[in-house]
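Me: I am new to this structure. Please take me through the terms used for it, one question at a time.

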Amino acid sequence: MAALLFVILLLLPVTTLAEPVHDSSALKAQSARTEPLTISEVLARIELTHPLLRATGIERIEARAKIQKALGAWEPTFKNITQAARIQDWNFLFAEAVYTGGFNDSKLEVGHPWGFRIMGGIRNGFGDQLATGHPPVQAGQAGTAAWIPDVTLFYPQQQMIFGGEFKLLRGFMMNDEYAELQQAELAGPQAEIKVAQKRQDLYLAGAVQYWDWQVAVKQADVVKRALAVAEERLIQVQGLAKGGKAAPLDVVEANKEVQNRREAAIAAQRQVEYEQYHLSLFLWENGEPVTPRPEWAPEFQGETPLPTKDEVAAYKVEAKEDRPEVRDLYIEAKMNNIDLKLAKNYLLPKLNIEGGRVDAAADWIVGVGYHYGMQFEMPLFQREGRGKVMTAEADQQQLVLKQLYTEQQVKVDVDNWLSAQVRARDRVKAATEALRLAKTLEEGERTRFNMGATTVLFVNLRERNVVDSAYELYRAQADYAVSKGGMLWARGNLSKPWPESELAKYGNPLTAAGMNGYKQPGRD
């Protein structure tokens, strides 16, 4: 009896080490909760609160910023300019004269993406009084230096000003600024694709982690039950040994089995904690991860019908339309087409026309009111233009090959996950039968042991087989669940937000992480 008490005291600290360990986040995590944690809730919480999904949503803001930046190339600009000049005039006919003149312009310049820019406004002239007859003073000139006799407004020194610049060949309807705007407009759809890609990855990763946690919890439960059985048998064998009905080695064998199973229970508990901490990174509440409790783990769901051949064919078409990887290539192809159009535009010669009021005070004083100009320029070998075209065409060929590969890849993903689903279903059936047979052998071996027809060693082996068979069944059930989620991923369904009916159970769909970055009233 004293030896038995000593063994119990020796093993008590080890048993304490196998108790669950919870961090502060677990203590905050819905301590009164009783309902199981479902896969639907995991995905809904990812959509509602996951920081990485919210961070990817900022791509939407950056897309709008790109459009704002591109539109700045044709920003209506108000300008106010003041210029003055002091001129000294001397020749043989007139005495030396020194006078000052200038103007103040208030004008608005407006550009257009097609490659032209116009401006208009008001000019107010000012200047010194001129000596009589130098320069010749005309009627209404009022003796000031800054005066041009056309398009006047309220007085001779106040006039309308206008001008413009036009690109007739290179740069007409396609130029660097307009190409940047067109590509910036594609940044919005591209941002949505990035959000869909991140959502898809998080959904699949969260689902896999959820089922790994579920397997760990079930495995730990099986191991703990096996430990309890071994501890009861140790007490039973000790009693038989005292009565001379069992050998002392049987007591040692039973005690060794208890220690092995206790070690396995501690390892299983560690595995549960490992999986639950990883799963907590997909469950956020009030800015902190929520650590799930083992008692929240539900039972595995049953088998569902396999998709038919027609459904599989429809899944492949659906994948080519909905998978973010394919959609992103379509956006890249559109951007490349813009680059190609711009590159071909560089093969055209430059033919620019401009004109308007002069902006030099000296010209203004002496009466030169307008300037006109035309620029024609054509590279002889067109090396820059041909190089840009070759680059754009090479990129286009790469995108065609990438698109071909990606479209075939998503079709293979559908076949792959269908295969995984079929094989996991077959494994579940085989593992279920194996567990049933292992339990039958276990019960039979226990009966033989109680009758004295076998040893503790064989009973332990049968029980270990039950534990191993149970784990294989749980792993097969988890793989089957993963394969069903993988099929949703292959079809592109996981790139779409989780239904609002489910989101509303756990938060506000309007403030979900997946909605982050959308334009709100009163912003930008």
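Me: Which residues form a nonpolar patch on the surface, and what makes it a patch?
Reply: The residues are Phe78, Leu108, Val110, Ile118, Phe166, Leu168, Ile353 and Met374, with about 730 Å² of accessible area together. A patch is made of residues with over 30% relative accessible area and no salt bridge; nonpolar side chains (Val, Leu, Ile, Met, Phe, Trp, Tyr) are joined within 5 Å, and like charges within 9 Å. Areas come from the Shrake-Rupley method with a 1.4 Å probe, and for residues only the protein chains shown count as cover. This is a predicted model, in which local features need pLDDT of at least 70 and side-chain atom pairs count only at pLDDT 80 or more, while totals for chains, interfaces and linings use all residues. Residues are numbered from 1 along each chain as its sequence is written, and side-chain values use heavy atoms, with hydrogens and water left out.

Me: Why is Phe78 called exposed?
Reply: Exposed means over 50% relative accessible area, buried under 20%, and partly exposed in between (1.4 Å probe, protein chains only). Phe78 has 59% relative accessibility, so Phe78 counts as exposed. Its place is in strand S1 (residues 77–89); strands (E, at least two residues) and helices (H or I, at least four) are DSSP runs, numbered from the N terminus.

Me: What makes the contact between Arg123 and Asp105 a salt bridge?
Reply: A salt bridge needs a side-chain nitrogen of Lys or Arg within 4 Å of a carboxyl oxygen of Asp or Glu. For Arg123 and Asp105 the N to O distance is 2.7 Å, so the pair meets the rule. Arg123 is in strand S3 (residues 116–127) and Asp105 in strand S2 (residues 97–112), 18 residues apart. By this rule the count comes to 32 salt bridges.

Me: With which other residue does Arg123 form a salt bridge?
Reply: Asp359 is the partner, the closest N and O atoms being 3.5 Å apart. Asp359 lies in the loop between strand S7 (350–357) and helix H10 (361–366), 236 residues from Arg123.

Me: Are Arg123 and Asp359 buried or partly exposed, and why?
Reply: Arg123 has 0% relative accessibility and therefore counts as buried. Asp359 has a relative accessible area of 38%, so Asp359 is partly exposed.

Me: What makes a set of residues a nonpolar core, and how many residues are in the largest one?
Reply: A nonpolar core is a set of buried Ala, Val, Leu, Ile, Met, Phe, Trp, Tyr and Cys residues joined through side-chain atoms within 4.5 Å. The largest has 69 residues, and Leu37, Ile46, Tyr210, Trp211, Trp213 and Val414 touch the most other members. Its largest share, 19 residues, comes from H6.

Me: Why is the pair of Trp114 and Phe172 called edge-to-face?
Reply: Rings of Phe, Tyr and Trp (its six-membered ring) pair if their centres lie within 6.5 Å; planes under 30 degrees apart count as stacked, over 60 as edge-to-face and the rest as tilted. The centres of these two rings are 6.4 Å apart and their planes are at 75°, so the pair is edge-to-face.

Me: What is the pair of Phe162 and Tyr370 called, and how do you know?
Reply: The pair is tilted, at 6.4 Å centre to centre with 35° between the planes. Phe162 is in strand S4 and Tyr370 in strand S8 (residues 370–377), 208 residues apart. Ring pairs link Phe162, Tyr370 and Tyr372 into a cluster.
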